Amino acid sequence: MAEFKREHWGSKIGFILAAAGSAIGLGNIWKFPYIAGENGGAAFIFVYLICIALIGLPVLMGEILLGRTSQKNPVGAFRALTKSKFWPLVGFLGVIAGFTILSFYSVVAGWATGYITEAVMNNFSLYNETASSGEHFNSLVSNPYWIIGYDLLFMAVSMLIVYAGINKGIERGSKILMPMLFVLLLISMMRGLTLDGAQEGIDFLLKPDWSRITGNSVLIALGHAFFTLSLGMGAMMTYGSYMSEKDNIPNAALQIVFLDTLIAMMAGVAIFTSVFATGLDPAGGPGLIFQTLPVVFSKMPGGYIFAIFFFLLLTIAALTSAISLLEVVVSYFVDEKGYARHKAVLIFGGLAFAVSVPSALSFNYMADIKIAGLTFFDLMDFLASNIFLPLGGLLMSIFIAWRWGLNNAVSAIKKGAESLFNKHPYLINLWIFFLKYLSPILIFLVLLHSAGLLKK
Ligand code: PHE
């Protein structure tokens, strides 16, 4: 059959960086600290780490494997591996999840982008008290022009990168941006640790208060494990589809999980040392980093440069994630519906922006419009993190273990990882056990809880 040769990653490190770029984003730097802060710190982080290790890692390996084996977008992947009409819908759920996530993601990424300007204009020096910094944040987000304008700017840049394609756009971008991000975060962490009173922040991160753990916080921890690893909606499947059989999937997955967790922890240290050193409230909600860090920056030597760096870093991290979200949607329409890439980027990037407008308006005109008790913004986040992604991960695990067949899965995962599995054959059994029993059961239980919450 005359088929175009599918684009591939130019190098092994290209895939790792791009996949880590997808994983590492607002989830690590904006969301993780604020939900850890709201759910009591160390104990929540512990549950989150368990979810990452027991569910995240095995499902991540499975998802990348489905992409590599089929060499297809999430819908095409299921079509290629089974005749059933049901399973491709799982891929389609991923395309929907992509829109849902982008809808609130680009809004917060827009805040980060807008804060670069704030930092450059030295506006933070005017707001060196938490209360006034909070007011400043509120007045910015209550301005629909500000919030939608930066949302649009951010989406436009993401579209430009996806437009340029895999090697030229995503891979090249990630190779430069990811190491830069790491260095900037390291500096932020050092600054946090050397502030007077940093110890209290460290205690908050390390000393668990188990009484804070509830069914709800377990749900949030699991949902966040999926969100932060870009799992359950086909982003990793899509990136895996640009991999070859020579690549070692278990190794790659482990590196992605390690880097993602490392960055979240570094962000946690940087933010909580600062929060406590300045006597701020760790449970400050989605505005946490935007309301608290400017105060910290304004109070430290070199804070001017530092603030610019920090928000630049946050925007870069968001960008490498947003492009993977958009890529899922685009690759579906390119592969399955025959769209030209640039046309798919324009249409669906534009559509994703349109869906983000009500999320942006949730902070001003639509603040009082609640669906199931949540604003549109919160609803999108809830649906994606606590329902779509875990459900997608659950179905992928079931597909691999029970439908595609373990024989197929095992022989496929061994490709590129022969020496690892020859040395440690039990690892295969462990992976199978997790995928076949542990993750489906755990995710199912948590989803039940989630369904109960929605009813309330
Ligand atoms: N993992 C990204 C983050 O932590 C968000 C994301 C979720 C990206 C799902 C792609 C797919 O910010």
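1. S324 is buried, because its relative accessible area is 3% and buried means under 20% relative accessible area, exposed over 50% and partly exposed in between (1.4 Å probe, protein chains only). The residue is located in helix α14; helices (H or I, at least four residues) are DSSP runs, numbered from the N terminus. A polar atom of the S324 side chain is 2.8 Å from the backbone oxygen of S321. This pair is listed as a polar contact, that is, a pair of N or O atoms within 3.5 Å; within protein, one must be able to donate a hydrogen and the other to accept it, and residues adjacent in sequence count only if both atoms are side-chain atoms.

2. On provenance, this is a predicted model, in which local features need pLDDT of at least 70 and side-chain atom pairs count only at pLDDT 80 or more, while totals for chains, interfaces and linings use all residues. Residues are numbered from 1 along each chain as its sequence is written, and side-chain values use heavy atoms, with hydrogens and water left out.

3. Which residues come nearest to the ligand? Of the 15 residues around the ligand, these are A23, G27, Y105, F227 and S230; a residue is near a molecule if one of its heavy atoms lies within 4 Å of it. The helices α1 (12-23), α2 (26-38), α5 (88-120), α10 (215-228) and α14 (303-337) each contribute at least two residues to this shell. The shell comprises seven nonpolar, eight polar and no charged residues. In this classification Ala, Val, Leu, Ile, Met, Phe, Trp, Tyr, Cys and Pro count as nonpolar, Asp, Glu, Lys and Arg as charged, and the others, Gly among them, as polar.

4. A polar backbone atom of G27 is 2.8 Å from an oxygen atom of the ligand. A nitrogen atom of the ligand lies 3.2 Å from a polar backbone atom of S22, and a ligand nitrogen is 3.0 Å from a polar side-chain atom of S230. The ligand taken alone exposes 330 Å², of which the protein buries 100%; accessible areas come from the Shrake-Rupley method with a 1.4 Å probe.

5. The largest cavity is the space taken by the ligand. A cavity is a set of points, on a 1 Å grid over the protein atoms alone, where a 1.4 Å probe fits but cannot get out. A molecule sits in a cavity if more than half of its atoms lie within 2 Å of its grid points.

6. Is H224 buried or exposed? H224 counts as buried because its relative accessibility is 1%. Helix α10 contains H224.

7. A264, in helix α12 (residues 249-277), is buried, since its relative accessible area is 0%. A264 and Y105 are 159 residues apart in sequence, and their C-alpha atoms are 17 Å apart in space.

8. Most residues other than glycine have a negative phi. Q71, which is not a glycine, has a positive phi of about 55°; Q71 lies in the loop between α3 (42-70) and α4 (74-81) and is partly exposed at 23% relative accessibility. N122, in the loop between α5 and α6 (130-141), has a positive phi near 60°. At 37% relative accessibility, N122 is partly exposed.

9. N39 is placed in the loop between α2 and α3. With 11% relative accessibility, N39 counts as buried. The C-alpha atoms of N39 and R212 are 6.5 Å apart, although these residues are 173 residues apart along the chain.

Technical notes. 1 Å grid on protein atoms, 1.4 Å probe; cavity = no way out; pocket = protein on both sides within 12 Å on 5 of 7 lines; lining within 4 Å.
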